[in-house]
Amino acid sequence: MITLNIEVALKSCSTITEAQIITTCFSYLITQKFKSGMVISKFSDRVLNQEVDYILIEDTDSEDYINLTEVRINWYVYTLHNTEPQMDSVCNSDDETINLATHLTLPSTDLLNLWDNLIYDSQIKDMLLKYAATIMEFSKKGVDTNIVTCNRVILLHGPPGTGKTSLCKALAQKLSIRMRYKHNVLIEVNSHSLFSKWFSESGKLVTKMFTRIKEVVEDNKTLVCVLFDEIESLAHAREQCMSGNEPSDSIRVVNAILTQIDQIRRYPNVVVLATSNITGAIDIAFIDRADIKQYLGLPSPQAIYQIYYSCLQELFMVGVIQSKEMFENIELFKSYQPNSKDSRTATQNTEMLMKLSQESVGLSGRALRKIPLLAHAMFLDEKTFVDVTMFLDAMGKAICYEKSSRNGISVKSGC
């Protein structure tokens, strides 16, 4: 029997118990036709309309309709928080305010839909979630880390713009939903603010920051996810530091980071998430402490197609693009071969989107999601009514513009 994860996001004003909402959701879903990956936000049931924001059915490999009587269900019931991130600040030797980190209460509306909109070629997201959930479960059960090594450190590395930071935040959001802690917080460290012009102060700022983190972690009912973006700026390889003008201060920072990570390991309710654009610049001792080291590369044509597909669906929904024709999903892309008799037939616009996906190879996910904006702003002359064929043509020009700009080539608007 397969296991299906179902998330139920309650409205902030909801007063229903978890047991009641699970029973109500099951009774409702068993009468409906739905597939994995669906998000249901409109209900014919009065209680669900009153109490629930949405129900998310976890994506699986199956494209068939789901029969709830034939699966084992894991229910996750939660309420999204709408609070703004809070700054954690201290004063340095000059009485200047230093922002050490920002604290965001999870699960947060700021991160809503982030997980689902991150698109990769393989099952990276599911694999990372399983890894992260496993290492947190090992900690909760008190597995001896001297026997089974578990530092609860996850390192994502790869080129800029591949979604490393976003994936860390989305992973923290998912863990806050799945791990069933009473409170959850994401602490995003402001790495660049931890360097001081005063000799030896940087190491002290790192220690202060971790002291603040420990104050939060002391509550064993709170899950704490600590995010170090561009970790190479703090955990720079010490042998490379030796060639600098003030190597000892940089080495103190690295030593402080490693020491503090080792100290917070004894708390079972904390996980460290780190990103890097330059893994070769990270101290090997930090890399060794990472339980998971995941590379995120540039997207393939299939992944690019999915990214463009999601962008265009969003523009259809809000009325920016007018079209009677919907694009084929990614399954057609996988089986499509131009001019092949055995290939499935694609519509003209779908073929055009496939061609644009091939032309976009080499662009990062961040750059790809800017293409629709560039297309509309630069190549549509402020038209209020845009059909999909016209928009795809503008996207082709925007792709040409983006690639030429990156190569330092002057591009005319008629690209």
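Visitor: What does helix 4 lie across in this predicted model?
Guide: Helix 4 lies across strand 7 (153–157), strand 8, strand 9 (222–228) and strand 10. Its direction makes about 165° with that of strand 10.

Visitor: Which strands does helix 5 touch?
Guide: Helix 5 (residues 201–217) packs on the sheet and touches strand 5, strand 6, strand 8, strand 9 and strand 10. Its direction makes about 155° with that of strand 9.

Visitor: Why are strand 6 and strand 8 called paired?
Guide: Pairing requires at least two bridges, and five join strand 6 (residues 97–105) to strand 8 (residues 183–189), so the two count as paired. They run antiparallel. Ala101 stands opposite Val189 in strand 8.

Visitor: What makes strand 5 and strand 11 edge strands?
Guide: Strand 5 (86–91) and strand 11 (292–295) each pair on one side only. The open sheet has seven strands in the order 5-6-8-9-10-7-11, with mixed pairing. The twist averages 20° from one strand to the next.

Visitor: How do you know that Tyr120 belongs to the lining of the second largest pocket?
Guide: A lining residue has an atom within 4 Å of a pocket point; Tyr120 is one of the 28 residues that line this pocket, so an atom of Tyr120 lies within that limit. Tyr120, Gly161, Thr162, Gly163 and Lys164 lie nearest the centre. Helix 4 gives the largest share of the lining, three residues.

Visitor: How do the lining residues divide?
Guide: Nine are nonpolar, twelve polar and seven charged.

Technical notes
Residues numbered from 1 in each chain as written. Predicted model: local features only at pLDDT ≥ 70, side-chain atom pairs only at ≥ 80, totals over all residues. Heavy atoms only, no water. 1 Å grid on protein atoms, 1.4 Å probe; cavity = no way out; pocket = protein on both sides within 12 Å on 5 of 7 lines; lining within 4 Å. Helix = DSSP H or I, 4+ residues; strand = E, 2+ residues; numbered from the N terminus. Nonpolar A, V, L, I, M, F, W, Y, C, P; charged D, E, K, R; others polar. Axes fitted to C-alpha atoms, helices over the stretch in contact; angles between N-to-C directions. Contact = heavy atoms within 4.5 Å.
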